[in-house]
Amino acid sequence: MSTNLAGRVLEETQVQEEISMDDSLKPKRESGRTVGSVPYMFMWIGDGVNLGNMTLGASLIAAGAATLNLLQTFVAAVVAIGIISVIFALNDRFGYRTGIPYVVQLRMSFGIKGSVISSFLRGVPAIVWYGFQSWVGATALNEIVKVLSGGGFDSIPICFVVLQGIQIVLSLYGFHAIKWVETLASVVIMAALVYVFGVLLNSHSAAIADVWVNAEGTWGLPFFAFIMVFLGNYAAIFLSAADYSRELKTGISDKKRSLLYFSPIFIAYGFVLTIGAMMAAATGISNPVKAFAVIVDNPYITVAVSAFIVIGAVAVNMVANIVPPAYVISLVTKLKYKASVVVTGLLALCSFPWVLVQDSSAQGLNTFILIYSAFLGPIVAILLVEYYVLRRQKVDAAELYRENGDFKGYNPSAILAMLIGAGAAFLLVDIGWIIGFAAAGLSYLLLSKFAFKGSSFKKGTIYEETA
């Protein structure tokens, strides 16, 4: 297999009409791929070891009782992570083979104009979460500075601007910075969590066993809803899997790439989830930050917990919330990638995260999450049906870059299937992702085969992608 075939085809057709775009959106060459298997795994560990995932584990314990016991929790985790790994490896294949990013991959299904809509559905939520995570991190950074200054400094807005500036600078170095930040975050946070895990086992094992390990739990709807929460947390990331796989060094088989997702996600998610559930069972406190203070009786606990939050926020943003919107901005505005990264950071500053973190805004934030998540399952289903079923992994990759080529305009089948899938997802929110995924995939297949089979969008040569 040749992973640079799309790049070679693009060079051969350079004299023909081609969309004007930044070089960062062109196919990634072998020489430009700097992320090896180990840093790639650390990237996903760094993404998983954050406060949000710990809170997910703590949510299993409510009013001193567990929704799921230990066995049910880990069965749900293994099922969810298995599904995540398979979808990751399936959807990352086009980007890995051709070096093409997600925003260009979308054109294969939605068309050049239609892809703008679907790319925004991934980019806008990422910018909002970028600001949200940064504000949470700034709050923690403010606590650190306040303690170290003896109370002489107290300004979350200043910390927010400083932290955002640091993240923007780091982002300018692209995946070179991401792999080092994620490796550092993984090692530091996992080391801290191993310590906390030891404290929990030594001092609170009886309470944990009574409340969580030996709880009756349920194999009913809450069990499947928990699996959907797992999928929902990764829905946006594996949708844009090509943005990450195009940075991975060549020569790694599909099965090995699946393990590069399953192993780190299982380690990070499984461990962080366990810590969250154990702390909630031991203390009866669902807020991990407050539970930390109870579990680890140390005068420097505020600094330690705050440092964990800051590093976790930066790690999540570097992987999930900066790269996708930067590519979208670069595509739409024709800006260079580094300029797009700066714009992404400035937009995150203007996303009013200080409002989103308030308790009064919780319902509105949940509504926002439900609305955009309903579209993510359908979009990834459409991409998979297009690539594997309709095109059988054979695509003229260079055609994706031509302004008036086979993919000009928009594909009505994709737009309609996305709306059908999103509508179906709202029928039963608890398992909405899988419903939307299935409904959109089937709808897209039927619409493409029958309703719009004569669309000019589908015409053109089919190019064998592998060699």
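In the predicted model, Arg392 is exposed, because its relative accessible area of 61% lies above the 50% cut-off for that class. Arg392 belongs to the loop that runs between helix α18 (362-390) and helix α19 (412-425). The backbone of Arg392 has a phi near 50°, a positive value in a residue other than glycine. Most residues other than glycine have a negative phi. A second residue with a positive phi is Lys334, for which the angle is near 70°. Lys334 is found in the loop between α15 (323-333) and α16. Its relative accessibility is 45%, so Lys334 counts as partly exposed.

Elsewhere in the chain, salt bridges that share partners join Asp92, Arg93, Asp254 and Arg257 into one network.

Asp254 lies in helix α12 (residues 254-283) and Arg93 in helix α5 (residues 93-98), so the contact ties together parts of the chain that are 161 residues apart in sequence. The two partners fall into separate accessibility classes: Asp254, at 26% relative accessibility, counts as partly exposed, whereas Arg93, at 12%, counts as buried. The salt bridges of the model come to a count of 7.

Helix α12 also contains Phe266. With a relative accessibility of 31%, Phe266 counts as partly exposed. Phe266 forms a nonpolar patch on the surface together with Val78 and Ile267, and the accessible area of the three residues is about 220 Å² together.

Burial was also examined for a whole helix. Helix α3 (residues 51-58) is mostly covered, with 6 of its 8 residues buried. The buried residues of α3 are Leu51, Asn53, Met54, Leu56, Gly57 and Ala58. In an α-helix there are 3.6 residues a turn, so residues three or four places apart point the same way.

Two helix pairs illustrate how the helices are arranged against each other. Helix α4 (residues 70-91) and helix α10 (residues 221-239) pack at an angle of about 25°, and their axes are 9 Å apart. Because an angle under 35 degrees counts as roughly parallel, α4 is roughly parallel to α10. The crossing of α4 and α10 is right-handed. In the second pair, the axes of helix α8 (residues 156-171) and helix α14 (residues 301-321) come within 11 Å and cross at roughly 40°. The helices α8 and α14 are therefore oblique to each other. Here too the handedness can be stated: α8 passes α14 in a right-handed crossing.

Tyr372 and Arg122 are 250 residues apart along the chain, yet their C-alpha atoms are separated by 8.2 Å. Tyr372 is found in helix α18. Its relative accessible area is 13%, so Tyr372 is buried. The other pair consists of Leu346 and Gly131, which are 215 residues apart in sequence and 9.2 Å apart in space, C-alpha to C-alpha. Leu346 has its place in helix α16 (residues 337-349). At 44% relative accessibility, Leu346 counts as partly exposed.

How values were computed
Residues are numbered from 1 along each chain as its sequence is written. This is a predicted model: local features need pLDDT of at least 70, side-chain atom pairs count only at pLDDT 80 or more; totals for chains, interfaces and linings use all residues. Side-chain values use heavy atoms; hydrogens and water are left out. Buried means under 20% relative accessible area, exposed over 50%, partly exposed in between (1.4 Å probe, protein chains only). Helices (H or I, at least four residues) and strands (E, at least two) are DSSP runs, numbered from the N terminus. A salt bridge is a side-chain nitrogen of Lys or Arg within 4 Å of a carboxyl oxygen of Asp or Glu. Patches are made of residues with over 30% relative accessible area and no salt bridge: like charges are joined within 9 Å, nonpolar side chains (Val, Leu, Ile, Met, Phe, Trp, Tyr) within 5 Å. Accessible areas come from the Shrake-Rupley method with a 1.4 Å probe; for residues, only the protein chains shown count as cover. Axes are lines fitted to C-alpha atoms, for helices over the stretch in contact, and angles run from 0 to 180 degrees between N-to-C directions. Angles under 35 degrees count as roughly parallel, over 145 as roughly antiparallel, 65 to 115 as roughly perpendicular and the rest as oblique. A crossing is left-handed if the near helix is turned anticlockwise from the far one by less than a right angle, and right-handed if clockwise.
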